[in-house]
Amino acid sequence: MNLEATRQQRPAFAHLVWWFLFAQGGVIAAILIPVHVLVQGILGPLGIVPVVDRHYDTWVRVLSNPLVKLYLLVLIVLPFFHFAHRLRYLLVDFGVPAAKSVPAQVVFYGGAVVVAVVTIWVVLTTAPMSFG
Amino acid sequence: MKAPPASAETPTSATPLVYVPEMGRGWWLAKRHYFLYIVREFTALPLALWLLWFLVEIQRASNGPKGYYPHSSPGFVAFSVIVLGFAVYHSYTFLSLAGVIIHIKGVPARLIVVSQFALWLVASVVIAAVLIGFAR
C-alpha cells in the first residue's frame, strides 16, 4: 500500500521520455525505412538499379562522411526505442502481464540502449571520417 | 474546485478489489480490427531484424575491399520483400495518426496527414537518389 502511494505521487517523467522516444522513433521508422528496404534490400541485390552499398569503394566513401554517420545513427537508433515500446505492449496484449514490470522495461529499453551503443561503435569504427 | 470528502480518499474495504481483465488466447483473431491492430504492433519485429542485418552490412565495410560483400542472397531479397510490406504498413498507420497527434490551430487534421505523407514521399525520393546516385 505504501508502494502504491509513492507510485501515484511520482511524476510520470520516465513515461514522458519513453513516449517521446516512441513517437520520434515511429516517425523516423515510417519516413525513412521503407525506401532503404526497397532500394538496398530488393532493387540493389536484384541488380535492377546500381546501389551505393554493392561495391566496397562507393560504400566506404559514403560511410566515411560524418553526415552519413549521423544519419545512420538516427535511422537505426531512434526506431529501436519505438520497437522496444511496441514489442513490450505486444506481449501485454498477448496476456503477459509481466511485460509491464520494471525488469521487463529494463530488458526492452535496455535492449534499445545496447543497440544504440553498438550502432555508435559500428558507425565510428567502420570507415575513417572524412568529408571527401 | 471543491475538495472531495475525506472518506473518498480512504479505501472503504480492507482488501482492495483488483480488476483482472479477461482475455482469451485468440482474442486478436476474433475481429479484423483486432487482427490489424496486432499486425501494426508486430511490424516492429521484422523492421528491427532488417535494421540489425543492415548494421551487419555497415560493419562489414571495416573488413577491407577483399573482405566486404553486400547482402545478395535470394533469401535476403525474399526477407526484404516481406519486411517492405510491414514497413509500408507501419508508415501508413503511423503517418495516418499524425492528424490525431499533431494539433495546429486553424489547420485541418486532414492537411496534417497529407503533409506527413508528402514528407514520406520526398524523403524516400531524396534517399533513393543518394543511394543510387553515389553508386557506380
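The model is predicted, so local features need a pLDDT of at least 70 and side-chain atom pairs count only at pLDDT 80 or more, while totals for chains, interfaces and linings use all residues. Residues are numbered from 1 along each chain as its sequence is written, and chains are lettered from A and ligands numbered from 1 in the order in which they are written. Chain A and chain B meet through 47 residues of chain A and 44 residues of chain B.

**Confidence in chain A**

- The mean pLDDT of chain A is 90, and 90% of the residues score at least 70; pLDDT is the predictor's confidence in each residue, from 0 to 100.
- Take some care with helix 1 (residues 2-9) of chain A, where confidence is lowest at a mean of 54.
- Confidence in chain A is highest in helix 5 of chain A, at 96.

**The build of chain B**

- Chain B has 7 helices and 0 strands, in the order α-α-α-α-α-α-α along the sequence. Helices (H or I, at least four residues) and strands (E, at least two) are DSSP runs, numbered from the N terminus.
- Of the 136 residues in chain B, 18% are buried. A residue is buried if 20 or more other C-beta atoms lie within 10 Å of its own, exposed if 12 or fewer, and partly exposed in between, with C-beta atoms placed from the backbone.
- Among contacts in chain B with a separation of 6 or more, 41% join residues 24 or more positions apart. Two residues are in contact if their C-beta atoms, placed from the backbone, lie within 7 Å.

- Helix 5 (residues 74-96) of chain B has 23 residues, which should span 33 Å at 1.5 Å a residue, and its end C-alpha atoms agree at 33 Å apart. The expected span is 1.5 Å times one less than the number of residues.
- Buried residues in helix 5 of chain B include B:V83, B:L84, B:A87 and B:F94.
- The cover over the buried residues of helix 5 of chain B includes helix 2 of chain A, along with helix 3 (44-60), helix 6 (98-101) and helix 7 (109-133) of chain B.
- In helix 7 of chain B, the buried residues are B:Q116, B:W120, B:I127 and B:L131. They pack against helix 2 of chain A together with helix 5 and helix 6 of chain B.

**Where the chains meet**

- On the side of chain A that touches chain B, helix 2 (13-43), helix 3 (56-63), helix 4 (66-93) and helix 5 (102-126) of chain A each supply at least two residues.
- Helix 2 of chain A gives the most to that side, with 15 residues.
- That side of chain A divides into 32 nonpolar, 11 polar and 4 charged residues. Here Ala, Val, Leu, Ile, Met, Phe, Trp, Tyr, Cys and Pro count as nonpolar, Asp, Glu, Lys and Arg as charged, and the others, Gly among them, as polar.

- Not counting residues up to four places away in sequence, A:V37 touches B:W50, B:S80, B:V83, B:L84 and B:A87.

**Residues to look up**

- A:V35 lies in helix 2 of chain A and is buried, with 23 other C-beta atoms within 10 Å.
- Leaving aside neighbours within four places in sequence, A:V35 is in contact with B:S124, B:I127 and B:A128.
- A:I28 is also in helix 2 of chain A, but is partly exposed, with 19 other C-beta atoms within 10 Å.
- Beyond neighbours within four places in sequence, A:I28 is in contact with A:V74, A:L75, A:L78 and A:P79.
- A:F94 sits in the loop between helix 4 and helix 5 of chain A and counts as partly exposed, with 14 C-beta neighbours inside 10 Å.
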